Amino acid sequence: MSPRLRPLTPAELDAGQRALYAEITGGPRAAGPQHFALTDDDGCLRGPFNAMLLSPGVGRALQDLGAAVRYRSGLGPRLRETAILVVAQAWDSAFERHAHEPVGAAAGLTDDELLALREGRDPGLSDPVERAAWTFTRALLDRSGALEERAYEAARAALGDRTLFELSTLVGYYSTLALQLRLFDVPA
């Protein structure tokens, strides 16, 4: 199956799209170690970033939110990547797994933990904060009803309000990406 959205080449971008392209390819995602290429051999943005060019104003806000939850929050790397991989499993997002399993490994997630996250199993996290974040993320993604008060209070006690806010924002952001990746049938 081919993607539903044709990759937009740099040569065909208008001024607003070019500015957003430059922000994505020149921002913090490009500055750190690369675990997946942001562009293909033709310079087209890969993954969710190509779709962001369709509406530069919305795309800019979305990519900035992603940069904020990844690079400007207080979430530690293992906690953050664990949550992202829980979202990837919940939405069956092959691209997010492809992009974030290597990042998770670089952050210290073991092969066994990565496999458990991929399969939707308990990864057996021993750090109480990481465990609380994993439990809370799964509770947020449970679409059967409202978040139970007991789950909220346990997460709040273990993580604090700031982390709950940042973690729920991260879950929302990556859920949005997973939805868009599914909509446009973006391959890993």
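Guide: What follows is a set of questions and answers on a predicted model.

Visitor: How does the reach of helix α6 stand against the expected span?

Guide: Helix α6 covers residues 94–106, which is 13 residues. At 1.5 Å a residue, 18 Å is expected from the first C-alpha to the last. The reach in the model is close to that, at 19 Å.

Visitor: Where in α6 does a kink lie?

Guide: The kink in α6 is of about 30 degrees. The helix has a proline, P102, and the kink comes shortly before this residue. Its place is H100.

Visitor: Which helices do the buried residues of α6 pack against?

Guide: The buried residues of α6 include F95, A99, H100 and V103. E96, R97, E101 and G104 are also buried. Their packing partners are α4 (56–71), α5 (77–91), α7 (111–119) and α9 (149–183).

Visitor: Which helix gives the most to the lining of the largest cavity?

Guide: The structure holds one cavity of 30 Å³ or more, and the volume of the largest cavity is about 80 Å³. Its lining has 13 residues, with R29, F49, H100, Y174 and L177 nearest the centre. At least two lining residues come from each of α4, α6 and α9. The helix that gives the most, with four residues, is α6.

Visitor: Why is the pair of Y173 and Y174 edge-to-face?

Guide: A search of the whole structure finds one aromatic pair. The ring centres of Y173 and Y174 are 4.8 Å apart, within the 6.5 Å limit for a pair. Their planes stand at 85 degrees, and an angle over 60 counts as edge-to-face, so the pair is edge-to-face.

Visitor: Are Y173 and Y174 buried or exposed?

Guide: Y174 is one of the residues nearest the centre of the largest cavity. As for accessible area, a residue counts as buried under 20% and as exposed over 50%. Both Y173 and Y174 are buried.

Visitor: Why is A158 called partly exposed?

Guide: A158 is found in helix α9. Its relative accessible area is 36%, which lies between the 20% limit for buried and the 50% limit for exposed. A158 is therefore partly exposed.

Visitor: Which residues is A158 in contact with, leaving aside its neighbours within four places in sequence?

Guide: A158 and G59 are 99 residues apart along the chain, and their C-alpha atoms are separated by 34 Å. Contact needs heavy atoms within 4.5 Å. With the sequence neighbours left aside, the contacts of A158 are V129 and A132.

Methods. Residues are numbered from 1 along each chain as its sequence is written. This is a predicted model: local features need pLDDT of at least 70, side-chain atom pairs count only at pLDDT 80 or more; totals for chains, interfaces and linings use all residues. Side-chain values use heavy atoms; hydrogens and water are left out. The expected span of a helix is 1.5 Å times one less than its number of residues. The bend at a residue is the angle between axes fitted to the seven residues ending there and the seven starting there. Buried means under 20% relative accessible area, exposed over 50%, partly exposed in between (1.4 Å probe, protein chains only). Rings of Phe, Tyr and Trp (its six-membered ring) pair if their centres lie within 6.5 Å; planes under 30 degrees apart count as stacked, over 60 as edge-to-face and the rest as tilted. On a 1 Å grid over the protein atoms alone, a cavity is a set of points where a 1.4 Å probe fits but cannot get out, and a pocket is an open set with protein on both sides within 12 Å along at least five of seven lines; lining residues have an atom within 4 Å of a point. Grid points are joined across faces, edges and corners, and a volume is the space filled by probe spheres set on the points.
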